[in-house]
Each structure stands twice: as C-alpha cells, then as structure tokens.
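This report walks through selected helix packing, strand pairing and backbone features of one protein model. Please keep the sequence and the structure in view while reading.

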Amino acid sequence: MMDRPSPYWKKAVVVSLIAAMTATGTAYAETAGDETEPTEAVTPSMRLGFPDVSPSHWAFKHISKLALLGIVQGDHLGLYNPENPVSQQDVIIMAIRMMGLESEALASTSTPVLPFDDVRNDARPYVAMAISKGLINLQEEIEDAKNWGNRNATRDWVAKMIVRAIGKEYDAINRAETPTPFADNDAISPSVRGYINAAVDLKLVNGFEDGTFRPSGEVTRAQMATFLSRAEQYLERRSSRVITGYVTDISGANLTIEDENGRSSRVRLQSNALFFTYKDDTRRLIPSDIQLYNEVYVIADQNGNGYFVEVTNDETPMESIEGTVVDVDIDKLTVTL
C-alpha cells in the first residue's frame, strides 16, 4: 500500500552472464519442472488462476495475482501444485520474472555455463541472470552445489532471495547483528539473520504459532506465491500491468484511477475479475464494494481490461484547505480557491 500523496488533491479542485563463470561439467535435466513455458512468459495471456487452486484456498488471492502478472505459470499440465515444495531453481525463475528481467534473461543466445550440476535447461537463463544481478552469491552457494537446482527451497534461503530481489539487502546488512524475534533464533544461521529481520520488518514472512521461524523448513509453492505477492509492492519498477491510485470516477464497470502523479487510467472491469481487500487475504469483495476515492491496486492488460482489484485503503482521503472562493463550477462540481 503506497503512502497517501499530499499533492494528490489539487488545491483548485476539492471534489472530482554471470560476472564470473565457473567452467565445470554440467548435467542437464531433461524433464521440465513446474515453472515452464519460457517463450510464453514474455508476453503471456492474462491467466486468472489454476484448476487445482480453488477460490477457497488460503493463498488463492496471492496465486491469482502472480498468475495475472505472469510471475507463476504452473507445470506442463497447467497445474500450480500449491502444496508441493518449491525448488530453488523455480524460486529463481519466479524472482527474475517479478523483477522484470525475464526478457533480458531469455535474450541471450548462448548456453550459460553454471557451477551447479542439475539446473534444468529452461531454468538456466534465469539462474545465470540471478548470478549476474547479485540475487545469487556464488561464494555462498558453491560449497553445496550438488543437487542445487532441484533442492527444495528452505525458509531462510527464500527470505534471503526475496530481500535481494526487491533491493532491500542494505536493510538486511543493517540488521545482521540483531537477533531475530523468533524462539528458535539460535537455529538461524548468523549469515541470514539480517535477511530474516528485514523480511519480518517488511511483513514478507511470519513465524509459526509457537513463536518459531523454522529456518530449514521447506517452502511450498503456495507459500512462495504469498511471499512474492507481499514483496511485489517494494519493487522500484512494477509490471506495466499494475495500476495504483485513487478511484476518482465509477461509471458502471469502468473505473478512473488517478495515481500519485496526477495521471489518470481508465479500467474496464471484466465479468470474471477478482476483488479483494487488504484487511484479510481470504476475504473476497464484490464490484459494488469499490467506492469513490478508495485507494486500489489493479491488474489490467494493455487494453485497460481489469482482472484483479484490491482495495488497499478504504478511507476517503481528505485534506482541509483554507482560502477565498474565486469560482464555483456547478457542472464540474469544482470549487476554485
């Protein structure tokens, strides 16, 4: 949720490849994993979800959001497999897509040489890009390179990847000497404590009911979607499909949304659009719940067709302005001071 911009309401209107290659023998896995379809990933169609993720699933909101953004695409059968553990190479694929680097990763025509023995062919460009951009630190990973790609991602490793993906590594470095707030802090490696602290501060990850973090616990694909969905708001460069701002006009299924810079976007809500609220991940809204001046997060295609709406603030933004009235336009419902 973005901070409410003070200049939003104008005072004239009150209403209205790898830096260092390691040449080692590499075994190529022949079977594609969950995050496939790399050629469609550059300009995919708007996907609303997956047949194996029902609307009642606790992560439906986050999985649907990432599917519409093209960050997750599922397996060759079109399934998301939400309860399956997510592999490290699939975490990297998702993170590179979220960072908007997929096209750049797939543009290379050369086959990257990687220091890991089991990275799938379709995942290799993403892993190479992750190393190039500092998402992966080879010195950290090379000591345990065997079965690196297919290894199930752990909670501490995922926290580190996400914090780096959204450019918050500086926050992690600053919190490196601070114990984490979890009961099993002693089980968390000192090298990742700063990342976990940063992830907690940013509300990307939570602990369990018993107060533990369980750093070596495996991350499911549903949990991974939730982590990335929460992290997406911190990206400096969001997807071109994302529209954020305040609803300034509602005309049937059409919304006008004005962003913090005063730019307006027109969105036509589709009949199959999904509606959510920031107050509860599992609570669904209906179109009539969207009110004038709500702050919203919308996912729309290039033609302005909206498929996902989250109300990120339902308080009407108000600003007190004092001055002398110099003009009143009844037709436009504006007052000039």
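A residue counts as buried when its relative accessible area is under 20%. The model is a predicted one.

For strand S5 (residues 295–300), the count is six buried residues of six, so the rest of the structure largely encloses it.

Which strands pair with S5? Strand S1 (residues 242–251) pairs with S5 in the antiparallel sense, over five bridges. Strand S6 (residues 305–313) also pairs with S5 in the antiparallel sense, over six bridges.

Valine 296 illustrates both pairings. Glycine 245 has valine 296 of S5 as its bridge partner. In S6, valine 296 is partnered by valine 311. Glutamate 295 stands opposite asparagine 313 in S6.

S5 and S6 form a hairpin, and four residues lie between them. In that turn, glycine 304 has a positive phi of about 85 degrees.

S6 is mostly covered as well, with nine of its nine residues buried. S6 also pairs with strand S3 (residues 264–277): the two run parallel and are joined by six bridges. Leucine 274 stands opposite phenylalanine 308 in S6.

The strand pairings compare as follows.

| Strands | Sense | Bridges |
|---|---|---|
| S1 and S5 | antiparallel | five bridges |
| S5 and S6 | antiparallel | six bridges |
| S3 and S6 | parallel | six bridges |

## Helix H2 and its two partners

Now the helices. At what angle do H2 and H4 pack? Helix H2 (residues 88–98) and helix H4 (residues 124–132) pack at about 65 degrees, and their axes are 9 Å apart. Angles of 65 to 115 degrees count as roughly perpendicular. H2 and H4 are therefore roughly perpendicular to each other. Their crossing is left-handed.

From H2, the contact draws on Ile92, Ile93, Ile96 and Arg97. From H4, it draws on Tyr126, Val127, Met129 and Ala130. Seven of the contact residues are nonpolar, none is polar and one is charged.

The axes of H2 and helix H6 (residues 155–165) come within 10 Å and cross at roughly 20 degrees. That makes the two helices, H2 and H6, roughly parallel. H2 passes H6 in a right-handed crossing.

In this contact, Gln88, Val91, Ile92, Ala95 and Met98 of H2 meet Trp157, Val158, Met161 and Ala165 of H6. The contact residues divide into eight nonpolar, one polar and no charged. Ile92 takes part in the contact with H4 and in the contact with H6.

An α-helix has 3.6 residues a turn, so residues three or four places apart point the same way.

## Burial of H4

Is H4 mostly enclosed or open? Seven of the nine residues of H4 are buried, so the rest of the structure largely encloses this helix. The buried residues are Arg124, Tyr126, Val127, Ala128, Met129, Ala130 and Ile131. They pack against H2, helix H3 (102–107) and helix H5 (138–141). Just after H4, glycine 134 takes a positive phi of about 85 degrees.

## Loop residues

Most residues other than glycine have a negative phi, and most peptide bonds are trans.

Lysine 203 has a positive phi of about 60 degrees, although it is not a glycine. This lysine 203 sits in the loop between helix H8 (190–201) and helix H9 (221–231). Its relative accessibility is 62%, so lysine 203 counts as exposed.

Tyrosine 293, also not a glycine, has a positive phi of about 75 degrees. It lies in the loop between strand S4 (280–284) and S5. Is tyrosine 293 buried or exposed? At 14% relative accessibility, tyrosine 293 counts as buried.

Aspartate 289 is also found in the loop between S4 and S5. Aspartate 289 has a relative accessible area of 32% and is partly exposed. Aspartate 289 and phenylalanine 275 are 14 residues apart in sequence. In space, C-alpha to C-alpha, aspartate 289 and phenylalanine 275 are 8.8 Å apart.

Conventions. Residues numbered from 1 in each chain as written. Predicted model: local features only at pLDDT ≥ 70, side-chain atom pairs only at ≥ 80, totals over all residues. Heavy atoms only, no water. Axes fitted to C-alpha atoms, helices over the stretch in contact; angles between N-to-C directions. Parallel < 35°, antiparallel > 145°, perpendicular 65-115°, else oblique. Left-handed = near helix turned anticlockwise from the far one by under 90°. Contact = heavy atoms within 4.5 Å. Nonpolar A, V, L, I, M, F, W, Y, C, P; charged D, E, K, R; others polar. Buried < 20%, exposed > 50% of the residue type's maximum accessible area, 1.4 Å probe, protein only. Pairing = 2+ DSSP bridges.
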